[in-house]
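Dear colleague,

Please read them alongside the coordinates.

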Amino acid sequence: MTAEPARPFRVTGTEQKRAWAEKLLPPVEQVQPGLWSIPVPIPDNPLRYVLVYSLEMDDGVALIDAGWDTDEAWQALTDGLATAGHAIGDVRGVMVTHIHPDHYGLAGRIREASGAWVGLHPDDAALLPARYGAGMTDLLDDMARLLQNCGIPDDELQTLSRASLPIAAYVRQTEPDRLIRDGDRLPLPGWDLRAVHTPGHSPGHLCFHEHRRRVLFSGDHVLPRITPNIGVHAQSSGNPLADFVDSLARVGGLDHELDEVLPAHEYRFAGLAARVSTLLGHHDARLEEIHAALTTAPTTWELTAALTWSRPWDQVSGFMRRAAVAETLAHLVLLESRGRVARTSDTPWRWEQR
């Protein structure tokens, strides 16, 4: 018995893609009966918006993701719900794919306005106090030590170790009411939504599969145009890029149960297995590029500056520069786990080929 060939990648959110190309906010759209896509703007960010999904139930709606905690985002969300025939007070639950501010930031404000429950994977919930609460000072110190080990120059260390502080301001800290684990079926009347744990972009990243409607809400795990940032962070444990690769293979196997993938950014698409194959190929090529570059760039910082990026390195700054270093380190950790590189115990770490 032969396996079915992977279906080709195909854009299904054509209006969303057109808006993306024209640098506009896409329209609020009814994706299926009872399922709406609501773009919520992200301030000063190249991603421009997060796509919040509204799922209609008999007694209201449930949301997948929330947006940043800004007045502009709140207005866009409330206006989008109104277009779909609902109000914030109708929200009964918010399923957060992961704890980054553009997904989790407004969840607390929604709960305050509606009484909705907020759900999050336990691995991300465990990170909340240090990331957005009382433990933030210790986390910043931990981040500075990690960046020192990466070889960040002293004149950039303070800036990069604290680069996430402006972003944290877009979060209304709230503890989840519900912990959502892999395989959990969510209590949404009229829906058969199953959580799929897909660590990598964050330790507790979740996708949501609705098999009857043949859709996957992919969060940031699989996007149609770009690769999500997979980086080693002071809150990381283990090998995040290895986790991401394993998670990609897992969701890729759902392709023939799907008509459409609904990501949190950019636009809807079909052909999940083909997109997964492209992402895996990208990371394989990146691993080889990094391995080869170690002969002349032995620290994580030097290596990051030597790699190819979407723009020249001297045009990458602030949080994006830190994210690039974290991404390079994630590739090094994966190479280390495969026995292809080794690091010294020096500060900064120095890497060499094996």
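**Lining of the largest cavity**

The largest cavity is lined by Leu 51, Tyr 53, Ile 64, Asp 65, Thr 97, Phe 217, Ser 218, Gly 219, Leu 262, Pro 263 and Ala 264. Here a cavity is a set of points, on a 1 Å grid over the protein atoms alone, where a 1.4 Å probe fits but cannot get out, and lining residues have an atom within 4 Å of a point. This is a predicted model, in which local features need pLDDT of at least 70 and side-chain atom pairs count only at pLDDT 80 or more, whereas totals for chains, interfaces and linings use all residues. Residues are numbered from 1 along each chain as its sequence is written, and side-chain values use heavy atoms, with hydrogens and water left out.

The structure holds one cavity of 30 Å³ or more, and the space in the largest cavity is about 30 Å³, a volume being the space filled by probe spheres set on the grid points, which are joined across faces, edges and corners. Strands S4 (49–57), S11 (215–219) and S12 (260–263) each supply at least two lining residues, and S11 gives the most, with three; strands are DSSP runs of E of at least two residues and helices are runs of H or I of at least four, numbered from the N terminus. By class, the lining has seven nonpolar, three polar and one charged residues, where Ala, Val, Leu, Ile, Met, Phe, Trp, Tyr, Cys and Pro count as nonpolar, Asp, Glu, Lys and Arg as charged, and the others, Gly among them, as polar.

**Salt bridges**

There are 20 salt bridges in the structure, each being a side-chain nitrogen of Lys or Arg within 4 Å of a carboxyl oxygen of Asp or Glu. Asp 69 pairs in this way with Arg 109, the closest N and O atoms being 3.7 Å apart. That pair links distant parts of the chain, with Asp 69 in the loop between strand S5 (60–64) and helix H2 (71–83) and Arg 109 in helix H4 (residues 107–114), 40 residues apart. Both Asp 69 and Arg 109 are buried, that is, under 20% relative accessible area, with exposed being over 50% and partly exposed in between (1.4 Å probe, protein chains only).

Arg 172 also forms a salt bridge with Asp 69, with the closest N and O atoms 3.2 Å apart. Arg 172 counts as partly exposed because its relative accessibility is 28%.

Best regards

Methods. 1 Å grid on protein atoms, 1.4 Å probe; cavity = no way out; pocket = protein on both sides within 12 Å on 5 of 7 lines; lining within 4 Å.
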